[in-house]
Amino acid sequence: MSEKDKIKTLLVKKPLKLDCGQTISDFPLAYETYGKLNDKKDNAILVFHALTGDQFASGTNPITKKDGWWNYALGPGKAIDTDKYFVIAANVIGGCMGSFGPSDVNPKTKKPYGTNFPVITINDMVNAQYNLLEYFKIEKLFCVIGGSMGGMQVLQFVSNFPNKAHTAIPIACTASHSAQNIALNELGRQSIMADRNWQDGFYEEQNKQPDKGLAVARMAAHITYLSKAGLQEKFGRKLQERDDLKFSFDADFQIESYLRYQGSVFVDRFDANSYLYITRAMDYFDLTKKFGGNLSKAFEKSNTKFFIISFTSDWLYPTSENREIVIALNAIGKDVGFVEITSDKGHDSFLLDVPDFLNTVRNFLNKSYEKI
Amino acid sequence: MKKEFYNIANLVTKNAKILDVGCGNGELMKYITENISKDIRGIELSKSNVQKCVERGLTVIEGDAEKDLKQFPDNSFDFVILSQTLQAFLDPENVLNELLRIGKKAIVSIPNFGHWKVRLHLLLKGTMPVTENLPNEWYNTPNLHMCTIKDFENYCKQRNIKINLKNFKFQNLFSELGIFILEK
(Lines give C-alpha, C1' and ligand atoms only; values in the text may rest on other atoms or scores of the structure.)
Protein backbone atom coordinates (compact mmCIF):
# COMPACT_ATOMS: atom_id res chain seq x y z
CA MET A 1 0.00 0.00 0.00
CA SER A 2 1.60 3.24 -1.08
CA GLU A 3 1.39 6.21 1.26
CA LYS A 4 -1.06 8.07 -0.91
CA ASP A 5 -3.36 5.05 -0.79
CA LYS A 6 -3.78 5.68 2.91
CA ILE A 7 -5.69 8.82 2.05
CA LYS A 8 -9.45 8.41 1.84
CA THR A 9 -10.88 10.49 -0.94
CA LEU A 10 -14.36 11.50 -1.95
CA LEU A 11 -14.60 12.33 -5.62
CA VAL A 12 -17.02 15.24 -5.76
CA LYS A 13 -18.89 14.89 -9.04
CA LYS A 14 -21.31 17.74 -8.51
CA PRO A 15 -20.10 21.02 -10.04
CA LEU A 16 -19.00 23.61 -7.50
CA LYS A 17 -19.11 27.24 -8.54
CA LEU A 18 -16.19 29.02 -6.92
CA ASP A 19 -16.25 32.64 -5.75
CA CYS A 20 -13.67 33.50 -8.40
CA GLY A 21 -16.19 32.57 -11.10
CA GLN A 22 -14.75 29.25 -12.22
CA THR A 23 -16.63 26.01 -11.77
CA ILE A 24 -14.91 22.81 -10.72
CA SER A 25 -16.30 19.29 -10.78
CA ASP A 26 -15.05 15.72 -10.38
CA PHE A 27 -12.51 16.94 -7.88
CA PRO A 28 -11.00 14.95 -4.99
CA LEU A 29 -11.76 15.82 -1.38
CA ALA A 30 -9.49 13.96 1.02
CA TYR A 31 -10.95 13.16 4.43
CA GLU A 32 -10.46 11.04 7.51
CA THR A 33 -12.95 9.84 10.10
CA TYR A 34 -12.60 8.90 13.76
CA GLY A 35 -15.12 6.99 15.87
CA LYS A 36 -18.42 5.54 14.68
CA LEU A 37 -21.52 7.15 13.30
CA ASN A 38 -24.40 5.90 15.46
CA ASP A 39 -27.70 4.57 14.10
CA LYS A 40 -29.51 7.84 14.68
CA LYS A 41 -26.69 9.63 12.88
CA ASP A 42 -26.83 12.38 15.48
CA ASN A 43 -23.26 12.16 16.83
CA ALA A 44 -21.29 13.56 13.89
CA ILE A 45 -18.78 16.35 14.33
CA LEU A 46 -17.16 18.08 11.38
CA VAL A 47 -13.70 19.38 12.24
CA PHE A 48 -12.15 22.14 10.13
CA HIS A 49 -8.39 22.49 10.06
CA ALA A 50 -6.24 25.61 10.18
CA LEU A 51 -3.79 26.96 7.58
CA THR A 52 -1.26 24.13 7.65
CA GLY A 53 -3.44 21.35 9.04
CA ASP A 54 -5.00 18.45 7.18
CA GLN A 55 -7.54 15.65 7.60
CA PHE A 56 -5.30 13.71 10.00
CA ALA A 57 -6.44 15.44 13.17
CA SER A 58 -5.87 12.53 15.55
CA GLY A 59 -3.65 9.50 15.90
CA THR A 60 -0.59 9.31 13.69
CA ASN A 61 -0.55 11.05 10.36
CA PRO A 62 0.26 8.16 7.97
CA ILE A 63 2.05 10.45 5.55
CA THR A 64 4.22 12.51 7.90
CA LYS A 65 4.36 9.84 10.66
CA LYS A 66 3.84 12.67 13.13
CA ASP A 67 1.00 13.05 15.64
CA GLY A 68 -2.25 14.37 14.24
CA TRP A 69 -2.49 18.14 14.63
CA TRP A 70 -5.30 17.97 17.19
CA ASN A 71 -4.06 14.98 19.12
CA TYR A 72 -4.43 16.77 22.46
CA ALA A 73 -8.10 17.49 21.90
CA LEU A 74 -9.36 14.71 19.69
CA GLY A 75 -9.34 10.95 20.20
CA PRO A 76 -10.73 8.17 22.40
CA GLY A 77 -11.55 9.58 25.85
CA LYS A 78 -10.32 13.05 24.92
CA ALA A 79 -12.18 16.37 24.91
CA ILE A 80 -13.68 15.53 21.52
CA ASP A 81 -14.26 11.94 22.48
CA THR A 82 -14.17 9.60 19.50
CA ASP A 83 -15.57 6.79 21.67
CA LYS A 84 -18.72 8.86 21.69
CA TYR A 85 -18.68 11.03 18.58
CA PHE A 86 -18.11 10.38 14.91
CA VAL A 87 -15.57 12.90 13.72
CA ILE A 88 -15.05 13.84 10.10
CA ALA A 89 -12.09 15.97 9.06
CA ALA A 90 -11.35 16.94 5.47
CA ASN A 91 -8.36 18.51 3.81
CA VAL A 92 -9.43 21.90 2.43
CA ILE A 93 -9.47 22.38 -1.32
CA GLY A 94 -6.31 24.23 -2.23
CA GLY A 95 -4.49 22.03 0.28
CA CYS A 96 -1.78 19.45 -0.30
CA MET A 97 -2.88 16.32 1.54
CA GLY A 98 -4.98 14.75 -1.17
CA SER A 99 -7.70 17.34 -1.82
CA PHE A 100 -7.90 19.24 -5.07
CA GLY A 101 -4.92 21.60 -4.94
CA PRO A 102 -2.32 23.46 -6.99
CA SER A 103 0.02 20.47 -7.13
CA ASP A 104 -2.64 18.35 -8.86
CA VAL A 105 -2.09 17.65 -12.54
CA ASN A 106 -4.28 19.62 -14.88
CA PRO A 107 -5.79 17.01 -17.24
CA LYS A 108 -5.73 19.50 -20.10
CA THR A 109 -2.04 20.34 -19.91
CA LYS A 110 -0.86 17.15 -18.15
CA LYS A 111 1.18 19.44 -15.90
CA PRO A 112 0.60 20.54 -12.31
CA TYR A 113 -1.77 23.50 -12.05
CA GLY A 114 0.71 25.62 -10.14
CA THR A 115 -0.53 29.19 -10.13
CA ASN A 116 -3.11 28.35 -12.80
CA PHE A 117 -5.09 26.80 -9.98
CA PRO A 118 -8.18 28.93 -9.26
CA VAL A 119 -8.04 31.23 -6.25
CA ILE A 120 -10.28 29.66 -3.64
CA THR A 121 -12.06 31.13 -0.63
CA ILE A 122 -13.20 29.96 2.79
CA ASN A 123 -16.69 29.85 1.29
CA ASP A 124 -15.48 27.49 -1.45
CA MET A 125 -13.74 25.25 1.10
CA VAL A 126 -16.89 24.93 3.16
CA ASN A 127 -19.13 24.34 0.16
CA ALA A 128 -16.81 21.57 -0.98
CA GLN A 129 -16.88 19.91 2.43
CA TYR A 130 -20.66 20.06 2.59
CA ASN A 131 -20.59 17.12 0.17
CA LEU A 132 -19.37 14.95 3.04
CA LEU A 133 -22.74 15.32 4.80
CA GLU A 134 -24.47 13.95 1.75
CA TYR A 135 -21.88 11.21 1.38
CA PHE A 136 -22.37 10.02 4.96
CA LYS A 137 -26.15 10.69 4.76
CA ILE A 138 -26.02 12.95 7.80
CA GLU A 139 -29.09 15.15 8.03
CA LYS A 140 -27.70 17.39 10.76
CA LEU A 141 -24.27 17.51 12.35
CA PHE A 142 -24.01 17.55 16.12
CA CYS A 143 -21.20 20.07 15.92
CA VAL A 144 -18.91 22.00 13.63
CA ILE A 145 -15.64 22.97 15.28
CA GLY A 146 -12.29 24.45 14.34
CA GLY A 147 -9.62 26.92 15.38
CA SER A 148 -8.05 29.80 13.48
CA MET A 149 -8.88 29.30 9.79
CA GLY A 150 -10.90 26.30 11.01
CA GLY A 151 -12.97 28.74 13.06
CA MET A 152 -13.58 30.89 10.01
CA GLN A 153 -14.89 27.80 8.24
CA VAL A 154 -17.18 27.12 11.20
CA LEU A 155 -18.66 30.60 10.86
CA GLN A 156 -19.00 30.29 7.10
CA PHE A 157 -20.56 26.84 7.40
CA VAL A 158 -23.26 28.02 9.80
CA SER A 159 -23.94 31.05 7.65
CA ASN A 160 -24.24 28.96 4.47
CA PHE A 161 -26.13 26.06 6.05
CA PRO A 162 -28.06 27.55 8.96
CA ASN A 163 -29.85 24.37 9.99
CA LYS A 164 -27.16 21.78 9.46
CA ALA A 165 -25.40 21.89 12.82
CA HIS A 166 -26.83 21.74 16.34
CA THR A 167 -23.76 23.44 17.79
CA ALA A 168 -20.81 25.43 16.51
CA ILE A 169 -17.48 26.08 18.23
CA PRO A 170 -15.38 28.72 16.46
CA ILE A 171 -12.06 28.98 18.30
CA ALA A 172 -9.45 31.77 18.17
CA CYS A 173 -10.74 33.23 14.94
CA THR A 174 -12.33 36.24 13.34
CA ALA A 175 -15.26 37.07 11.09
CA SER A 176 -13.16 39.41 8.99
CA HIS A 177 -9.43 39.08 8.42
CA SER A 178 -7.62 42.10 9.85
CA ALA A 179 -5.07 44.33 8.11
CA GLN A 180 -2.39 43.01 10.44
CA ASN A 181 -3.16 39.43 9.50
CA ILE A 182 -3.28 40.20 5.80
CA ALA A 183 0.09 41.92 6.21
CA LEU A 184 1.60 38.91 7.95
CA ASN A 185 0.27 36.55 5.29
CA GLU A 186 1.65 38.80 2.56
CA LEU A 187 5.05 38.62 4.23
CA GLY A 188 4.93 34.84 3.94
CA ARG A 189 3.77 34.90 0.34
CA GLN A 190 6.44 37.36 -0.70
CA SER A 191 9.05 35.20 0.96
CA ILE A 192 7.94 32.22 -1.15
CA MET A 193 7.71 34.24 -4.35
CA ALA A 194 11.15 35.75 -3.74
CA ASP A 195 12.69 32.29 -3.78
CA ARG A 196 14.26 31.78 -7.20
CA ASN A 197 13.02 28.22 -7.20
CA TRP A 198 9.41 29.31 -7.05
CA GLN A 199 9.43 29.92 -10.83
CA ASP A 200 6.15 31.84 -10.89
CA GLY A 201 4.52 28.86 -9.28
CA PHE A 202 5.56 26.26 -11.87
CA TYR A 203 8.41 24.79 -9.83
CA GLU A 204 7.17 21.23 -9.92
CA GLU A 205 7.48 20.80 -13.66
CA GLN A 206 11.07 21.97 -13.31
CA ASN A 207 11.74 19.67 -10.37
CA LYS A 208 12.50 22.57 -8.10
CA GLN A 209 11.14 23.48 -4.66
CA PRO A 210 11.09 26.96 -3.16
CA ASP A 211 12.11 25.48 0.19
CA LYS A 212 14.02 28.51 1.44
CA GLY A 213 11.14 30.85 0.81
CA LEU A 214 8.57 28.49 2.32
CA ALA A 215 10.77 27.92 5.38
CA VAL A 216 11.10 31.66 6.00
CA ALA A 217 7.34 32.07 5.57
CA ARG A 218 6.83 29.39 8.20
CA MET A 219 9.38 30.91 10.56
CA ALA A 220 7.70 34.30 10.41
CA ALA A 221 4.25 32.79 10.82
CA HIS A 222 5.40 30.60 13.69
CA ILE A 223 6.35 33.65 15.74
CA THR A 224 2.83 34.97 15.34
CA TYR A 225 1.39 31.76 16.77
CA LEU A 226 3.26 32.24 20.05
CA SER A 227 3.27 35.00 22.64
CA LYS A 228 6.04 37.26 23.83
CA ALA A 229 5.76 35.90 27.36
CA GLY A 230 5.71 32.32 26.10
CA LEU A 231 8.81 32.85 23.95
CA GLN A 232 10.64 34.60 26.76
CA GLU A 233 9.84 31.85 29.21
CA LYS A 234 10.81 29.03 26.87
CA PHE A 235 13.88 30.56 25.22
CA GLY A 236 14.84 33.83 26.81
CA ARG A 237 18.39 34.55 25.65
CA LYS A 238 19.50 30.96 26.01
CA LEU A 239 22.33 29.97 23.69
CA GLN A 240 22.23 26.98 21.37
CA GLU A 241 24.83 24.38 22.34
CA ARG A 242 27.55 26.94 22.97
CA ASP A 243 29.00 28.81 25.93
CA ASP A 244 29.21 32.22 24.36
CA LEU A 245 28.27 34.22 21.29
CA LYS A 246 30.17 33.23 18.15
CA PHE A 247 30.23 36.65 16.53
CA SER A 248 28.73 35.23 13.36
CA PHE A 249 25.31 34.72 11.79
CA ASP A 250 25.10 31.16 12.91
CA ALA A 251 22.14 30.26 15.14
CA ASP A 252 23.63 31.46 18.43
CA PHE A 253 20.31 31.66 20.23
CA GLN A 254 18.00 28.76 20.92
CA ILE A 255 15.08 30.69 19.49
CA GLU A 256 16.94 31.01 16.17
CA SER A 257 17.72 27.34 16.07
CA TYR A 258 14.13 26.50 16.97
CA LEU A 259 12.71 28.66 14.19
CA ARG A 260 15.14 27.26 11.64
CA TYR A 261 14.10 23.77 12.64
CA GLN A 262 10.40 24.66 12.36
CA GLY A 263 11.04 26.04 8.88
CA SER A 264 13.04 23.03 7.72
CA VAL A 265 10.55 20.38 8.83
CA PHE A 266 7.64 22.34 7.41
CA VAL A 267 8.90 22.23 3.82
CA ASP A 268 8.93 18.44 3.95
CA ARG A 269 5.21 18.28 4.49
CA PHE A 270 3.76 21.38 2.87
CA ASP A 271 3.46 22.68 -0.65
CA ALA A 272 4.52 26.29 -1.28
CA ASN A 273 1.67 27.02 -3.69
CA SER A 274 -0.86 25.61 -1.26
CA TYR A 275 0.56 28.05 1.29
CA LEU A 276 -0.08 30.90 -1.12
CA TYR A 277 -3.60 29.78 -1.95
CA ILE A 278 -4.71 29.08 1.58
CA THR A 279 -3.33 32.32 3.05
CA ARG A 280 -5.13 34.12 0.22
CA ALA A 281 -8.37 32.44 1.17
CA MET A 282 -7.89 33.66 4.76
CA ASP A 283 -7.19 37.20 3.61
CA TYR A 284 -10.29 37.25 1.44
CA PHE A 285 -12.41 36.12 4.37
CA ASP A 286 -14.91 38.75 5.41
CA LEU A 287 -18.21 37.26 6.44
CA THR A 288 -19.78 40.70 6.69
CA LYS A 289 -19.10 41.65 3.07
CA LYS A 290 -22.18 39.97 1.66
CA PHE A 291 -24.31 41.54 4.38
CA GLY A 292 -23.47 45.21 4.06
CA GLY A 293 -21.02 45.07 6.94
CA ASN A 294 -23.57 43.66 9.35
CA LEU A 295 -22.25 40.40 10.79
CA SER A 296 -25.53 39.62 12.58
CA LYS A 297 -27.22 39.19 9.21
CA ALA A 298 -24.84 36.34 8.38
CA PHE A 299 -26.45 34.32 11.17
CA GLU A 300 -30.05 35.51 10.98
CA LYS A 301 -31.47 32.21 9.73
CA SER A 302 -29.35 30.03 11.99
CA ASN A 303 -30.73 28.00 14.90
CA THR A 304 -27.28 26.74 15.86
CA LYS A 305 -26.05 27.04 19.44
CA PHE A 306 -22.72 28.87 19.37
CA PHE A 307 -19.83 28.56 21.76
CA ILE A 308 -16.92 30.88 21.09
CA ILE A 309 -13.49 30.46 22.65
CA SER A 310 -10.51 32.84 22.65
CA PHE A 311 -7.17 32.92 24.46
CA THR A 312 -5.70 35.71 26.58
CA SER A 313 -2.27 35.71 24.89
CA ASP A 314 -3.50 35.31 21.29
CA TRP A 315 -2.53 38.53 19.53
CA LEU A 316 -3.16 37.15 16.04
CA TYR A 317 -6.88 36.55 16.58
CA PRO A 318 -7.34 38.47 19.82
CA THR A 319 -10.27 38.17 22.19
CA SER A 320 -11.67 41.45 20.87
CA GLU A 321 -12.16 39.95 17.40
CA ASN A 322 -13.76 36.81 18.79
CA ARG A 323 -16.00 38.98 20.92
CA GLU A 324 -17.25 40.74 17.78
CA ILE A 325 -18.88 37.47 16.81
CA VAL A 326 -20.47 37.13 20.24
CA ILE A 327 -21.80 40.67 20.01
CA ALA A 328 -23.24 40.08 16.53
CA LEU A 329 -25.05 36.97 17.75
CA ASN A 330 -26.38 38.61 20.90
CA ALA A 331 -27.65 41.51 18.84
CA ILE A 332 -30.11 39.11 17.20
CA GLY A 333 -30.85 37.04 20.29
CA LYS A 334 -29.05 33.89 19.20
CA ASP A 335 -27.90 31.26 21.67
CA VAL A 336 -24.22 32.04 22.26
CA GLY A 337 -21.72 31.28 24.98
CA PHE A 338 -18.27 32.78 25.21
CA VAL A 339 -15.15 31.90 27.17
CA GLU A 340 -11.70 33.45 27.17
CA ILE A 341 -9.11 30.91 28.29
CA THR A 342 -6.05 32.04 30.24
CA SER A 343 -2.93 30.78 28.49
CA ASP A 344 0.50 32.20 27.69
CA LYS A 345 0.86 29.92 24.68
CA GLY A 346 -0.49 32.46 22.20
CA HIS A 347 -2.63 31.63 19.19
CA ASP A 348 -1.34 28.06 19.19
CA SER A 349 -3.07 27.46 22.53
CA PHE A 350 -5.93 25.63 20.83
CA LEU A 351 -3.49 23.02 19.48
CA LEU A 352 -1.65 22.48 22.74
CA ASP A 353 -2.19 20.88 26.10
CA VAL A 354 -4.16 23.67 27.76
CA PRO A 355 -6.35 21.88 30.33
CA ASP A 356 -8.86 24.71 30.84
CA PHE A 357 -9.46 24.81 27.10
CA LEU A 358 -9.77 21.06 26.72
CA ASN A 359 -12.15 20.80 29.69
CA THR A 360 -14.26 23.61 28.35
CA VAL A 361 -14.66 21.90 24.98
CA ARG A 362 -15.37 18.55 26.61
CA ASN A 363 -18.00 19.99 28.95
CA PHE A 364 -19.72 22.01 26.28
CA LEU A 365 -19.91 19.08 23.87
CA ASN A 366 -21.08 16.52 26.40
CA LYS A 367 -23.68 18.78 28.01
CA SER A 368 -24.97 19.91 24.63
CA TYR A 369 -25.20 16.35 23.34
CA GLU A 370 -27.46 15.45 26.28
CA LYS A 371 -29.90 18.08 25.09
CA ILE A 372 -30.24 17.32 21.39
CA MET B 1 -29.14 26.93 47.25
CA LYS B 2 -29.42 30.14 49.22
CA LYS B 3 -32.86 31.42 50.12
CA GLU B 4 -32.42 34.58 48.10
CA PHE B 5 -32.23 32.50 44.91
CA TYR B 6 -35.52 30.72 45.66
CA ASN B 7 -37.10 34.13 46.21
CA ILE B 8 -35.74 35.44 42.91
CA ALA B 9 -36.69 32.27 41.02
CA ASN B 10 -40.26 32.66 42.30
CA LEU B 11 -40.47 36.04 40.62
CA VAL B 12 -39.76 34.91 37.05
CA THR B 13 -42.51 33.50 34.90
CA LYS B 14 -42.66 30.15 33.12
CA ASN B 15 -40.58 29.95 29.92
CA ALA B 16 -39.57 33.60 30.16
CA LYS B 17 -36.44 34.77 28.38
CA ILE B 18 -33.95 35.63 31.12
CA LEU B 19 -30.48 37.12 31.50
CA ASP B 20 -28.62 36.61 34.77
CA VAL B 21 -26.06 39.40 35.09
CA GLY B 22 -23.15 38.31 37.26
CA CYS B 23 -24.45 34.74 37.29
CA GLY B 24 -21.59 33.42 39.44
CA ASN B 25 -21.21 29.65 39.32
CA GLY B 26 -24.62 29.29 37.71
CA GLU B 27 -26.50 27.99 40.75
CA LEU B 28 -29.54 30.19 40.21
CA MET B 29 -29.49 29.66 36.43
CA LYS B 30 -29.41 25.91 36.88
CA TYR B 31 -32.38 25.99 39.22
CA ILE B 32 -34.36 28.18 36.85
CA THR B 33 -33.39 26.04 33.82
CA GLU B 34 -34.58 22.88 35.52
CA ASN B 35 -37.74 24.30 37.03
CA ILE B 36 -38.99 27.41 35.31
CA SER B 37 -37.43 28.38 32.00
CA LYS B 38 -34.78 26.93 29.74
CA ASP B 39 -34.38 30.23 27.94
CA ILE B 40 -31.80 31.65 30.33
CA ARG B 41 -28.24 32.77 29.93
CA GLY B 42 -25.70 34.50 32.10
CA ILE B 43 -22.87 37.01 32.02
CA GLU B 44 -19.99 36.43 34.40
CA LEU B 45 -16.65 38.12 34.93
CA SER B 46 -14.81 35.44 36.90
CA LYS B 47 -13.11 32.86 34.70
CA SER B 48 -13.42 30.07 37.26
CA ASN B 49 -17.14 30.74 37.62
CA VAL B 50 -17.54 30.74 33.84
CA GLN B 51 -15.93 27.29 33.79
CA LYS B 52 -18.38 26.08 36.42
CA CYS B 53 -21.31 27.33 34.36
CA VAL B 54 -20.02 25.47 31.29
CA GLU B 55 -19.60 22.33 33.42
CA ARG B 56 -23.25 22.67 34.35
CA GLY B 57 -24.25 22.93 30.72
CA LEU B 58 -25.42 26.53 31.05
CA THR B 59 -25.13 29.24 28.43
CA VAL B 60 -22.66 31.77 29.77
CA ILE B 61 -20.88 34.72 28.25
CA GLU B 62 -17.63 35.75 29.86
CA GLY B 63 -17.83 39.48 30.21
CA ASP B 64 -18.15 42.60 32.29
CA ALA B 65 -21.65 43.88 32.96
CA GLU B 66 -20.36 47.46 33.02
CA LYS B 67 -19.19 47.17 29.40
CA ASP B 68 -20.92 44.25 27.80
CA LEU B 69 -24.62 44.87 28.29
CA LYS B 70 -24.76 47.33 25.43
CA GLN B 71 -24.59 44.51 22.87
CA PHE B 72 -28.12 43.41 23.77
CA PRO B 73 -31.00 45.13 21.99
CA ASP B 74 -33.75 46.98 23.85
CA ASN B 75 -36.32 44.76 25.58
CA SER B 76 -34.55 41.58 24.51
CA PHE B 77 -35.28 39.76 27.77
CA ASP B 78 -38.44 39.30 29.83
CA PHE B 79 -36.35 39.43 32.98
CA VAL B 80 -32.84 40.58 33.75
CA ILE B 81 -31.54 39.45 37.13
CA LEU B 82 -28.89 41.24 39.15
CA SER B 83 -28.20 39.62 42.48
CA GLN B 84 -26.16 41.54 45.05
CA THR B 85 -23.76 43.01 42.53
CA LEU B 86 -25.07 46.53 42.01
CA GLN B 87 -23.00 47.94 44.86
CA ALA B 88 -19.78 46.58 43.35
CA PHE B 89 -20.00 48.43 40.04
CA LEU B 90 -18.00 51.56 39.28
CA ASP B 91 -21.08 53.09 37.73
CA PRO B 92 -24.20 51.44 39.15
CA GLU B 93 -26.47 54.06 37.64
CA ASN B 94 -25.35 53.11 34.15
CA VAL B 95 -25.80 49.40 34.87
CA LEU B 96 -29.32 50.00 36.18
CA ASN B 97 -30.19 51.97 33.06
CA GLU B 98 -28.87 49.15 30.91
CA LEU B 99 -30.82 46.53 32.85
CA LEU B 100 -34.02 48.47 32.34
CA ARG B 101 -33.23 48.98 28.67
CA ILE B 102 -32.54 45.35 27.76
CA GLY B 103 -35.06 43.79 30.16
CA LYS B 104 -38.80 44.31 30.24
CA LYS B 105 -38.40 43.77 33.96
CA ALA B 106 -35.31 43.84 36.13
CA ILE B 107 -34.99 41.84 39.34
CA VAL B 108 -32.41 43.53 41.54
CA SER B 109 -31.28 42.48 44.99
CA ILE B 110 -29.12 44.60 47.28
CA PRO B 111 -27.49 43.99 50.64
CA ASN B 112 -29.17 46.50 52.92
CA PHE B 113 -26.78 48.85 54.66
CA GLY B 114 -29.68 50.11 56.75
CA HIS B 115 -30.19 46.82 58.59
CA TRP B 116 -30.19 47.21 62.38
CA LYS B 117 -27.08 45.06 62.81
CA VAL B 118 -25.16 47.34 60.48
CA ARG B 119 -26.45 50.43 62.23
CA LEU B 120 -25.68 49.03 65.65
CA HIS B 121 -22.19 47.96 64.61
CA LEU B 122 -21.30 51.45 63.50
CA LEU B 123 -23.00 53.06 66.50
CA LEU B 124 -21.43 50.90 69.19
CA LYS B 125 -18.09 49.91 67.71
CA GLY B 126 -17.43 52.96 65.59
CA THR B 127 -15.84 50.82 62.87
CA MET B 128 -17.10 49.89 59.41
CA PRO B 129 -19.68 47.13 59.77
CA VAL B 130 -18.65 43.56 59.09
CA THR B 131 -21.61 41.16 59.00
CA GLU B 132 -22.55 37.84 57.41
CA ASN B 133 -23.79 39.58 54.27
CA LEU B 134 -20.96 42.13 54.30
CA PRO B 135 -17.99 40.03 55.35
CA ASN B 136 -15.15 42.27 54.11
CA GLU B 137 -13.13 44.96 55.82
CA TRP B 138 -13.22 48.52 54.51
CA TYR B 139 -9.89 48.10 52.73
CA ASN B 140 -10.69 44.94 50.82
CA THR B 141 -14.42 45.16 50.20
CA PRO B 142 -15.52 44.92 46.55
CA ASN B 143 -18.51 47.05 47.49
CA LEU B 144 -17.98 50.56 46.20
CA HIS B 145 -21.51 51.92 46.44
CA MET B 146 -23.32 50.58 49.48
CA CYS B 147 -26.87 51.77 49.95
CA THR B 148 -29.88 51.09 52.12
CA ILE B 149 -33.28 49.90 50.99
CA LYS B 150 -34.53 53.42 51.58
CA ASP B 151 -31.75 54.91 49.45
CA PHE B 152 -32.62 52.56 46.64
CA GLU B 153 -36.33 53.34 46.84
CA ASN B 154 -35.55 57.06 46.77
CA TYR B 155 -33.31 56.52 43.79
CA CYS B 156 -36.07 54.77 41.85
CA LYS B 157 -38.65 57.36 42.83
CA GLN B 158 -36.48 60.21 41.56
CA ARG B 159 -36.03 58.50 38.21
CA ASN B 160 -39.61 57.31 37.78
CA ILE B 161 -38.56 53.69 37.92
CA LYS B 162 -41.55 51.63 38.94
CA ILE B 163 -40.96 49.28 41.85
CA ASN B 164 -43.42 46.48 41.14
CA LEU B 165 -42.60 44.38 44.09
CA LYS B 166 -40.50 44.54 47.19
CA ASN B 167 -39.66 41.14 48.51
CA PHE B 168 -39.06 41.97 52.16
CA LYS B 169 -41.25 42.53 55.15
CA PHE B 170 -39.92 45.00 57.68
CA GLN B 171 -38.19 47.21 55.26
CA ASN B 172 -35.14 49.17 56.00
CA LEU B 173 -34.44 48.22 59.58
CA PHE B 174 -35.02 44.48 59.60
CA SER B 175 -34.18 43.20 56.11
CA GLU B 176 -30.63 42.20 55.42
CA LEU B 177 -31.49 42.00 51.76
CA GLY B 178 -33.82 43.92 49.48
CA ILE B 179 -35.25 42.26 46.38
CA PHE B 180 -37.04 44.47 43.87
CA ILE B 181 -38.79 44.01 40.56
CA LEU B 182 -38.20 47.16 38.55
CA GLU B 183 -39.83 48.47 35.40
CA LYS B 184 -39.27 51.59 33.37
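Two strands pair if DSSP finds at least two bridges between them. That rule is needed for the sheet in chain B. The model is predicted.

Start with strand E4 of chain B, residues 77–83. Six bridges join E4(B) to strand E5 of chain B, residues 103–111, and the two run parallel. Between the two strands the chain passes through helix H5 of chain B, residues 92–102. This β-α-β crossover from E4(B) to E5(B) is right-handed.

How enclosed is E4(B) by the rest of the structure? Six of its seven residues are buried, so E4(B) is largely enclosed. A residue counts as buried if 20 or more other C-beta atoms lie within 10 Å of its own.

Now move to strand E1 of chain B, residues 18–21. E1(B) pairs with E4(B) in the parallel sense, over four bridges. B:Leu19 stands opposite B:Val80 of E4(B). B:Val21 has B:Leu82 of E4(B) as its bridge partner. E1(B) also pairs with strand E2 of chain B, residues 40–44. Four bridges join E1(B) and E2(B), and these strands run parallel. Here B:Leu19 stands opposite B:Arg41. The chain gets from E1(B) to E2(B) through helix H2 of chain B, residues 27–35. That β-α-β crossover is right-handed.

In a regular strand the side chains alternate between the two faces of the sheet. Which residues of E1(B) lie on each side? B:Ile18 and B:Asp20 are on one side, and B:Leu19 and B:Val21 are on the other. All four are buried, and both faces of E1(B) are covered.

One more residue of chain B deserves a look. B:Phe174 sits in helix H8 of chain B, residues 171–174. Is B:Phe174 buried, exposed or partly exposed? It counts as partly exposed, because it has 14 C-beta neighbours inside 10 Å. B:Phe174 and B:Lys117 are 57 residues apart in sequence. In space, their C-alpha atoms are 8.6 Å apart.

Next comes the place where the two chains meet. In all, 18 residues of chain A are in contact with 14 residues of chain B. H10(A) gives the largest share, six residues. By class, the side of chain A that touches chain B has seven nonpolar, six polar and five charged residues.

Follow H10(A) across to chain B. Two packed helices are described by the angle between their axes and the distance between the axes. H10(A), residues 355–371, comes up against helix H3 of chain B, residues 47–55, with the axes within 8 Å. The axes cross at roughly 30°. That angle makes H10(A) roughly parallel to H3(B), because angles under 35 degrees count as roughly parallel. From H10(A), the contact is made by A:Asp356, A:Thr360, A:Asn363 and A:Phe364. From H3(B) come B:Gln51, B:Val54 and B:Glu55. By class, the contact of H10(A) with H3(B) has two nonpolar, three polar and two charged residues.

A:Gly151 lies in helix H2 of chain A, residues 149–160. With 29 other C-beta atoms within 10 Å, A:Gly151 is buried. Which residues does A:Gly151 touch, leaving out those up to four places away in sequence? They are A:Gly146, A:Pro170, A:Ile171, A:Ala172 and A:Cys173. A:Arg280 is 129 residues from A:Gly151 along the chain, and their C-alpha atoms are separated by 16 Å.

Finally, look at two loops of chain A. A:Asn207 is in the loop between helix H3 (179–194) and helix H4 (211–225) of chain A. Its phi is near 55°, a positive value in a residue other than glycine. A:Asn207 counts as exposed, because it has 7 C-beta neighbours inside 10 Å. A:Phe247 is in the loop between helix H5 (228–234) and helix H6 (254–269) of chain A. A:Phe247 has a positive phi of about 55°, although it is not a glycine. With 7 C-beta neighbours inside 10 Å, A:Phe247 counts as exposed.

How values were computed
Residues numbered from 1 in each chain as written. Chains lettered and ligands numbered in written order. Predicted model: local features only at pLDDT ≥ 70, side-chain atom pairs only at ≥ 80, totals over all residues. Axes fitted to C-alpha atoms, helices over the stretch in contact; angles between N-to-C directions. Parallel < 35°, antiparallel > 145°, perpendicular 65-115°, else oblique. Contact = placed C-beta atoms within 7 Å. Nonpolar A, V, L, I, M, F, W, Y, C, P; charged D, E, K, R; others polar. Buried ≥ 20, exposed ≤ 12 C-beta atoms within 10 Å, placed from the backbone. Right-handed = clockwise from strand over helix to strand, strands pointing away.
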